[in-house]
Amino acid sequence: MARMLEDTSRTFAEYLLIPRLTRRDQRIDQIDLSAPLSRITPEKPLGLSINIPVVSACMQAVSGTDLAIALARQGGLSMIFCSQSIESQVAMVQKVKAHKAGFVTSGANIKPDAPLQAVLSLMNESGHSTIPVTDDGTSEGMFLGLITDQDFWEFEDDLTNLVSEHMTPKSEVIFGTEGISLREANRLLHKNKKDCLPILTQTGELAALVFKKDYVDHQKHPLELLDDGKRLRVGAAINTHDYRERVPALIDAGVDAVCFDSSDGFTEFQMDGLVWIRDHYGPELVIGGGNVVSAEGFDYLASSGLVDFIKVGIGGGSICITREQKGVGRGQASALLEVVARRDAYFEETGIYIPICSDGGLSNDTQIVMALAMGADFVMMGRYFAMTEESPTSKVSINGQMYKPYWGEGTARAQNWQRYSEGMSSRKMVFEEGVDAFVPLVGSVSEVLETTLHKLKSTMMNLGSDDLAQFRDQAVITQVSEQSIVEAGTANVFKFGRNRDFDESD
């Protein structure tokens, strides 16, 4: 007969944190939110880490290039979805990696013999007001000058005029030479009161652009997640079907981490993938495994010595119906608590620390805080980011309210048959494990993260914690009753305004 567990499958909403001593020397702006992404061993105590404990989900409606750039600038990491061709996923990774800290590959360029109408169209399409002019119209062509929206008037100038008649020629442009430091480039911008500084190769080709607005942006966002080459970091999802082709292409594109996008990672199919990748690319590539919901699942992946971090969660996502469809899964709090306990015991036994990612089951900021207090090193979220300006879906107006489409990878719309077809060669999805919905637009990534991270830091102050490791060690958690949940809410009062938290009703 089936083995019955004695515990109840519980969610984050069923727990509260007990305050600890807040020290007078604590300051909220000095709290460290960095988290490890790669395994920690006695031989390798330092590896890849993220500056805030937040990763975006491997989903079509979530992790596009704009969101990956925005999140990396805040200190987090996106996992570009794999339910697309290898070529398109690689192109998305390359677009993110093209963003260096201050040095940007020009995304809009034009030839000198193009008409002004072409410049106007390019400006409207790209959103750029400064366009480099190169001999072949590419981002690597011979630099000839710049044309800006100040160099011509749309309704006064003849738009059939050539770019060469209106542009500022190279001889009059302040530029830097490849090899210049970012500090020196910004000094040139400041000294010459310019908004854009072209960076040229020794032979005169366009290499990059440096913008004043990026300098200002970096000063506002000092936690940017950068690699050794000052490029933004980005992750990518992989599956258990085409990793032999997908992983090499992603590595060539400069990806910083990969993770298996699977509803259930406790499989020999995922282990086969881990073995192949490690055999071909060694220990340096950061690989995430999962998802699991038990100590047994953790041990299967961790004991292989092949995985860097492990994702926890099955069926807890806001648009996931795996539990309803298959009866498989577990309350996210119960799953996380068991896996974290086993992770800590495994660390005591081996000296190897495996970071844990809590994936799904997060309805609001408070539950993000609870997941980290319960022992997750970082959280992975979908709906949270699907509701932002930078998510890849288009805005839709419904009854005067702006929404964005949001669908699960287990829907027919996602066409992600690889995620749900272990052991099958058919590309047919027999039944869906997700739903297709709309979520309200709540603002930019920077705006929503500012609120979330401030709440997290404030809670850490309540527990006397200076970093996430202390937060986990010092957390005292109590289970709540139905009546205490009622007690926690407002009652018998008329409330003005609306809660801006991300669990606002869809």
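Which residues in α1 are buried? Some notes from going through this predicted model:

1. The buried set in α1 is T65, L67, A68, I69, A70, L71, A72, R73 and Q74. The helix spans residues 65-74, and with nine of its 10 residues buried it is mostly covered.

2. Have a look at how α1 sits against α13 (residues 445-462): the two axes come within 10 Å and cross at roughly 40°. That angle is why α1 counts as oblique to α13. The crossing is right-handed.

3. The α1 side of this contact is L67, A70, L71 and Q74, and they meet V445, S446 and L449 of α13. Sorted by class, that gives five nonpolar residues, two polar ones and no charged ones. On the spacing along a helix: there are 3.6 residues a turn in an α-helix, so residues three or four places apart point the same way.

4. Check the backbone where α1 ends: G75, just after the helix, has a positive phi of about 110°.

5. Elsewhere, R330 is worth a click. You'll find R330 in the loop between α9 (322-326) and α10 (332-350). R330 counts as buried because its relative accessibility is 10%, with the cut-off set at under 20%. Its side chain reaches the backbone oxygen of V293 at 2.9 Å.

How values were computed
Residues numbered from 1 in each chain as written. Predicted model: local features only at pLDDT ≥ 70, side-chain atom pairs only at ≥ 80, totals over all residues. Heavy atoms only, no water. Axes fitted to C-alpha atoms, helices over the stretch in contact; angles between N-to-C directions. Helix = DSSP H or I, 4+ residues; strand = E, 2+ residues; numbered from the N terminus. Parallel < 35°, antiparallel > 145°, perpendicular 65-115°, else oblique. Left-handed = near helix turned anticlockwise from the far one by under 90°. Contact = heavy atoms within 4.5 Å. Nonpolar A, V, L, I, M, F, W, Y, C, P; charged D, E, K, R; others polar. Buried < 20%, exposed > 50% of the residue type's maximum accessible area, 1.4 Å probe, protein only. Polar contact = N/O pair within 3.5 Å; in protein donor to acceptor, adjacent residues only side chain to side chain.
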